[in-house]
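Please look at the sequence and the structure first.

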Amino acid sequence: MEKKLLKKDKLSGIVKKLAAEKTVYAPVKDEDNVLFKILEPGMEPLTSFANTKNAPKKVFFPHSELLMKYTRSPKGMVFAAMPADAEEFVLFGARPCDARSVALLDMLFDQEKWKDPYYIEKRKKGTVISLACVHPPYSTCFCTSVDGSPTSTQGADLMLTDLGENYLVEFLTPKGEALAPWFGEATAADAAAEAKKQAIAEQSAAEIKKKIPGRAIKPILDVSFEHPFWDTIAGKCLACGTCTYVCPTCHCFDISDEIKGDDGARIRNWDSCMFPLFTKETSGHNPRTSQKQRWRQRLMHKFKYYVDNFDAIACVGCGRCVMSCPVNIDIRKIVEDISKL
Amino acid sequence: MQKPLQQIVAENPYVPMPVEVIKIITEVDSKDIKTFRLAFVNKEDEERFKYIPGQFAELSLFGKGESPIGIASSPTQKGYIEFTVQKAGVVTSALHEMEEGTLMGVRGPLGNSWPIEFLEGKNIVIVGGGFAFTTLRSLINYMIFEENRKRFGKITVVYGARSPGLLLYKDELEAWGKRGDIDLNVTVDKGDSTWKGREGFVPTVCKEVAPSKENAVTVICGPPIMIRFTLPVFFDLGFSKENIITSLEMRMKCGIGKCGRCNVGSKYVCKDGPVFSLAELDKLTKEY
Ligand SMILES: Cc1cc2nc3c(=O)[nH]c(=O)nc-3n(C[C@H](O)[C@H](O)[C@H](O)COP(=O)(O)OP(=O)(O)OC[C@H]3O[C@@H](n4cnc5c(N)ncnc54)[C@H](O)[C@@H]3O)c2cc1C
Ligand code: SF4
Ligand code: SF4
Ligand code: FES
């Protein structure tokens, strides 16, 4: 794995040059928010920001995605066409937690038996450049409690760490190495740079004061599905679904059909386990009739079911749901309370 | 360049295989349950669609959507697959409007299946109620197929419907009744003037038939209320939870464990189920 040093003022130019050749999603300022957008000429990619309002998962798993097209024939509607294959693209500036979320989604969408070709196609074509957190950006960050760290490389193809005057450029995968020509101005990294990065990693992780017992609650969850505790957590919840939409690891979706004249499309849209209709059957039967059950599902999915199925917690500790919930429901508090059951 | 559809279907589990509706049978006198016989448009798809009784498929109507439906035919029946569908919402109503000759789509086979290897060499008790009899019918036809029959011991069937007009597969029931190698017990809650068969609820009939637990497995499918009252009968007869097998239903979309809709605890009903033994269900949460 090659490592290089890049003068900091060179980075923005490199990203813009990349954007001239292929699609680059980068964090850009949008009114009061920082959002991932396709970098167009004249736009400035941010290299110093806290984190984006939304997770970048949409580049691999869009909010709304065409699955196939169909058309009318004399004998009924028939298949017409697939969406075009994805083109090569770069996701620039993902925080390590968000890069990790992609590795977590791979476990689900790229399973041995059932593969999701839409997601996998975009994963093949997309290169992830992450920006290590030299200081954790928010007080709500808790990546270190859920197997991550502010300098985790999981899910990234190339990681940049701000060492002061230079970035340490780590080429992590063959896809990352394929970007080396763009980093031609970078020079070989020496042991001092390496040591500095190590110190930053330790310092940044130590700055995250909030610790929750991420893995430790799994054995408790194994036996507390019926615990009265669940009655206490969802009282305020509005079932708005914001927490699941901003979450980098939430992956539930709905499939629906849209038709106009003789042509139609089957599309998938993000859905949310927080919505009452999510599990409602045509007969009227609904296995989850209360918000308590839905919150239990969301928590269990992240901290128990995903661990059962993939030995990974489906939360990267980005804190977005904590910041976005209109009624201040805090998943960290819930996890802590569970650890005391 | 667009790839040929057969290749897309082979690579993409979301894309349905094209099928033609070759026969529609109205099963019940209330006319809201029909059996659809579908033939694959492409030979390759027919070969790819290798299924085992107990599996299901997504019936796909472009423009309307998809519905998961148990496969009602047996893999021993060649050249077509069958589904028995109750008219319920958007997709199933559109299906009921269809005519023979229409093209539609099928995605599958999906899910696990009745545990055929586990059932082999054992006496099999089939208990079905209402229109949930479909994948049990598949299993029965599979077991009584000439080459398969000797792999299974005694076959006992208890099948009930509310009235004679609501019994599915009437011709087949008659044919099975004439065979010497199935103990067939068809019952209705309430008969009519022409009904010469048994009257009574499924749990009661199970008690009367009293199948032996020796080397036996019960496969049960039906409305929740029937299951609730029938299980105690089998517990009383000494059947263990390992030897009672059933099939679950949850709202579904993808059918392949991705959309996150149909989980019961850590298991996805679409991918890890729909078939579970009671012993397996005991280990899951009771949210279904
Ligand atoms: C494994 C399995 C096997 C089934 N086998 C049969 C069968 O053999 N015959 C039969 O008539 N019905 C069967 N069902 C139930 C059938 O899937 C629903 O009645 C049907 O999906 C309703 O769809 P709709 O479009 O008509 O209803 P709408 O309410 O208009 O559609 C809602 C959509 O939600 C989903 N959905 C709604 N209810 C259910 C449900 N109960 N189960 C799964 N998905 C649902 C479907 O994607 C459906 O298209 C089975 C369900 C499952 C899970
Ligand atoms: S559950 Fe909340 S903190 Fe965890 S990854 Fe999702 S949005 Fe971030
Ligand atoms: S964001 Fe808050 S109110 Fe909205 S569904 Fe999530 S927990 Fe409930
Ligand atoms: S139907 Fe999508 S996960 Fe089971």
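In chain B, β3(B) and β4(B) run antiparallel and are joined by six bridges. Two strands pair if DSSP finds at least two bridges between them. Helices (H or I, at least four residues) and strands (E, at least two) are DSSP runs, numbered from the N terminus.

The model is a predicted one, in which local features need pLDDT of at least 70, side-chain atom pairs count only at pLDDT 80 or more, and totals for chains, interfaces and linings use all residues. Residues are numbered from 1 along each chain as its sequence is written, chains are lettered from A and ligands numbered from 1 in the order in which they are written, and side-chain values use heavy atoms, with hydrogens and water left out.

Between β3(B) and β4(B) lie three residues, and the two strands form a hairpin. In its turn, G63(B) has a positive phi of about 95°. Opposite L61(B) stands G65(B) in β4(B). On β3(B), there is also a link to strand β6 (residues 103–110) of chain B, antiparallel and made of four bridges; here L59(B) stands opposite V106(B).

Both pairs belong to an open sheet of six strands, with the order β4-β3-β6-β1-β2-β5 (chain B) and antiparallel pairing. The edges are taken by β4 (65–70) and β5 (81–86) of chain B; each has a single partner strand, so one side of each lacks a neighbour in the sheet. On average, neighbouring strands of this sheet are turned by 40° against each other, direction ignored. For such angles, axes are lines fitted to C-alpha atoms, for helices over the stretch in contact, and angles run from 0 to 180 degrees between N-to-C directions.

Strand β1 (residues 17–26) and strand β2 (residues 33–40) of chain B pair in the antiparallel sense over seven bridges. V21(B) has L38(B) of β2(B) opposite.

How many residues of strand β3 (residues 56–61) of chain B are buried? Six of the six are, so the strand is largely enclosed by the rest of the structure. Buried means under 20% relative accessible area, exposed over 50%, partly exposed in between (1.4 Å probe, protein chains only). One side of β3(B) carries F56(B), E58(B) and S60(B), the other A57(B), L59(B) and L61(B), and both faces are covered.

Helix α3 (residues 90–97) of chain B has buried residues V91(B), T92(B), A94(B), L95(B) and H96(B). The buried residues of α3(B) pack against β2, β3, β4, β5 and β6 of chain B.

**The seven-stranded sheet of chain B**

Another open sheet has seven strands in the order β10-β9-β8-β7-β11-β12-β15 (chain B), with mixed pairing. Its edge strands, β10 (198–199) and β15 (275–277) of chain B, each pair on one side only. Three bridges in the antiparallel sense link strand β12 (residues 244–247) of chain B to β15(B), where F276(B) is the bridge partner of T246(B). Helix α8 (residues 224–236) of chain B packs on the sheet and touches β7 (123–129), β11 (216–221) and β12 of chain B. The direction of α8 makes about 170° with that of β11(B).

N148(B) is found in the loop between α5 (134–144) and β8 (155–161) of chain B. With a relative accessible area of 9%, N148(B) is buried. Leaving aside neighbours within four places in sequence, N148(B) is in contact (heavy atoms within 4.5 Å) with T76(B), Y142(B) and M143(B).

**Nonpolar cores**

A nonpolar core is a set of buried Ala, Val, Leu, Ile, Met, Phe, Trp, Tyr and Cys residues joined through side-chain atoms within 4.5 Å. The largest one has 97 residues, and those with the most contacts inside it include Y14(B), L38(B), L59(B) and V106(B). Helix α2 (residues 96–109) of chain A gives the most to this core, with seven residues. Apart from it lies another core, of 34 residues, among them A72(B) and Y159(B).

**Ligand shells**

A residue is near a molecule or strand if one of its heavy atoms lies within 4 Å of it.

Of the 13 residues around ligand 2, C247(A), C315(A), C318(A), G319(A) and C321(A) come nearest. Residues surrounding ligand 3 include C237(A), C240(A), C243(A) and C325(A).
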